[in-house]
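Could you read through the points below with the sequence and the model open beside you? They are meant for someone who is new to this structure.

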Amino acid sequence: MADSAETSPEVMLQFYRMLYPFKSIFTWLNQEHAPKDLFTNREFAFTLKEDVYLRYNCFSNAEELKKQVCALNPTRFEIGPMYSSRPSERKLARSVKSGKLFTPLKRELVFDIDMTDYDGVRTCCTSAGICKRCWAFIANAVRVLDSALRTQFGYHQLLWVYSGRRGIHLWVSDDEAMGLTDELRRAVVGALTVIEGGKEMAKKVNVRGMGTKSHPGDLPPSLWHARDEGSRMWYPLLDDQECFLSEDGWRTLLKLVPDKKIVETLEKRWEKQPGIESSKKWNELKAEVKGTGARNLAALEDIILQYTYPRLDAEVSKHRNHLLKAPFCVHPKTGRVCVPVDPNRVENFDPNAVPTVMQLLQELDKAGEGANWEHTSLKPYVDMLDRHIVGILDDVRRRERARVVLQHDLNW
Amino acid sequence: MYNNSDRRKFDPVKFDSSKSANSFEWPFRLNFYDKSPWYEVSLEDFERYALDRLRVLAEIESSFARNRSWEELKSVTTRQCKDHLPLNSSSASTVDTQTERRNDHLGHFVLRLAFCRSEDLRRRFVKAETALFRVRYESDDTKERELFLQSRDFKWTEVNSEEKLQYASELKGLGIQQTEEGVPTTERLYKVRWTQVPDLVNKRRVLLKDGWAYVPSKEQLSIVLRAFEANLENALDSTARSIMRMDGDTRLTEILNHMSRGFVAGVASEYSGPATGDEIRADMVDDLAKRHFPLCMRNLHECLMRDRHLKHFGRLQYGLFLKVLGLSIDEAIAFWRKSFSNLTDDKFNKEYKYNIRHSFGLEGKRANYPAKSCQQILLTDKPGPSDCHGCPYRHFAPDNLQTSLLATYSSQGLTSTDLAEVMRTVKEGHYHVACTRVFEITHAAAGVKKGDGIGEGESVTHPNQYAAKSIEIEKAQQGDAMVIE
Ligand code: SF4
Ligand SMILES: [Zn+2]
């Protein structure tokens, strides 16, 4: 697989010079064609070889950004917030008398989902590894979050980006989302976080309201969709991952069942027959639960959520000034490009089929003199970003028109 | 202290006298403080109303630090407001409500100037002000409150029954709306942008559709408080910007600095003692110290007994404390003379006697110096390595503090199990709250309970207040129920 030659400095420089879509990235961040503060006051941070980290860079336009990226040739670069003044002039802005402050004002609402957070539930790979099979978890996370942000929060400018290795990022560019304070970001994260508690905590889903002795609290309606999606993928997931096949696996499952009698019955049975596959075990559990009341049924729902609900890296989303790797960067270990992902076809996405930087450069070579990304397999991905940008620009124009109309009305 | 009564204008606040005559300027008791108070004020008023308010806010802060329940906080705050910050409903016909409201408004604005200057102060100020607003909101005249709510645009719309029906099952799932045979109940439901109720969204307590939150009327307060908070945050932001450009008016800056410090240590009432009503003689001090002094004074006393000497700031802190406690000038001279037993009479008379008389206002400027409050002790004249003054809760290393607490107070009931709580409070920077807790623990035998503080839930803000209360409790216990002012 990828070795260091794959992402050598020469290769990276070629990639930035010939392939990286600076223009599209600029327009996406700037939300307009003519440069404005959304781009010019934006922080860029560069990671150079030997872990040198350069923060608070900013640029007037796409060309300047490209020039600097090519000059520094970073292994990757990250995007931060738009500040109240240019990040390069932050010292001046911070000095008391200027009357300006240096604070982050706007920033896409971002999310980071990483496969390592699923190590307790996936059985195919561990830590850095990822395969088509683990991707089922990511795909479900995309479906659930995408829908929650659209239907509940009313956001529509969502860009999903493969993180280059074992996870996925989301960038939300709606006007309201851009302006959310840290406090509001925390609220979004709170509303979307279901899996809580560390390794030592068996039951990680505690989302129900107050219940009574016989009746558990209701599942909040905002999680109904996630529950349904989880149920939909449940049997295929069990067949694929066999979460309850190993003794560890089924014991973990039984820890989540509140009814002691059921636990004892199944424990006895499964100890004697180690080979029962996961879906069969689940059916047996369901059969035991049947008719024993709402509490046990609720526990089943919670179990499905615990194994399927998106696991967010909350810290990334909570702060406006958190830096996140730019789309189309190259993952230094895999050489794969961080390409956009279509949420509607996310189950078909194969992380191992994502073009590597070497592959792209070869395609470029073959295409001959004067070729650019359009002549490589990067094209569909840049096109996807460009289509996304059209949506954002439309939004901006609509807002602008509404504002003018409002002003007109007022003047009148 | 600040007795300057020049009449002058303050640039960032822009006071203007022309409107103050309008008696309907403050139609409601509740106020979002959108407008600057446009009238001229004296520097005296400027400081006075702000300090009154600060006292209330500082107590709210320490209520948070002491983990009081909302009900407790409410009753403590209500009591404090009655003394320092009265604000009556319009129906209170015997009171000049307009003046009360004007002062309330003014105090709030001055404190904005004092608290806009750092992120931390802003956050704490917003939190305390919002709590104060909530206390008033909950105690407000229902009719007046309704009118107040109508007077502002909270950007909510009432949800009609059609929509209620559409989302019936989800609303039921949240337990906020029941339908009876398909007809929604009459409970009101408000629709607001979700950003207006982040807390409710965070806890999944509202229905969220397309960025709109459906809020049941029992959570209406959340919307109002959030609006108050957001309003104040914005205001502090712009105040911060404008104050940066304010010329260095040292007089004003001094007052403002003084106030923002008030949050760190609470705001002390002036202590003009003698708090016990009895004269205290020099030979009583040692005994009183062991039974009634707060840790700072215990420490000074022990240093003095051990070293037979105290350095300048130590003498000042302890000397003024003893004066206010009730030591007369003659007794004070006797006390210090005896304590400095290594000195010759000549040296004592030359170098120390004058200073003692000076601190009693008998020499030099003849000013009657007040004893230092916790705030002053906590924040001024930071002790050096060989000094004994300061506040042990703040200035001792954690290990030393624990040892010293046990050594000093275990005879009064403090055990090592109490330390964890005290040290946690110290770690959070609430030194006087830790001191208050120690007071409670060491007076538990006399019936003082957790949360009682030094009476009516108040926190320690002055060492003399600590000692006076301790003596008072002892007297009451001895059946000599003498009431102390
Ligand atoms: S809090 Fe005040 S009374 Fe208590 S020890 Fe510190 S300075 Fe003394
Ligand atoms: Zn895998």
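Predicted model: local features only at pLDDT ≥ 70, side-chain atom pairs only at ≥ 80, totals over all residues.

1. Residues are numbered from 1 along each chain as its sequence is written, chains are lettered from A and ligands numbered from 1 in the order in which they are written, and side-chain values use heavy atoms, without hydrogens and water.

2. Chain A has 16 helices and nine strands, taken as DSSP runs (H or I of at least four residues for helices, E of at least two for strands, numbered from the N terminus). Of its 412 residues, 53% count as buried, that is, under 20% relative accessible area with a 1.4 Å probe and protein chains only.

3. B:Leu322 lies in helix α13 (residues 312-325) of chain B and is buried, with a relative accessible area of 1%. Leaving aside neighbours within four places in sequence, B:Leu322 is in contact (heavy atoms within 4.5 Å) with B:Val285, B:Phe293, B:Leu327, B:Phe335 and B:Trp336.

4. The residues around ligand 1 (those with a heavy atom within 4 Å of it) include B:Cys296, B:Cys374, B:Tyr393 and B:His432.

Terms used
Buried < 20%, exposed > 50% of the residue type's maximum accessible area, 1.4 Å probe, protein only.
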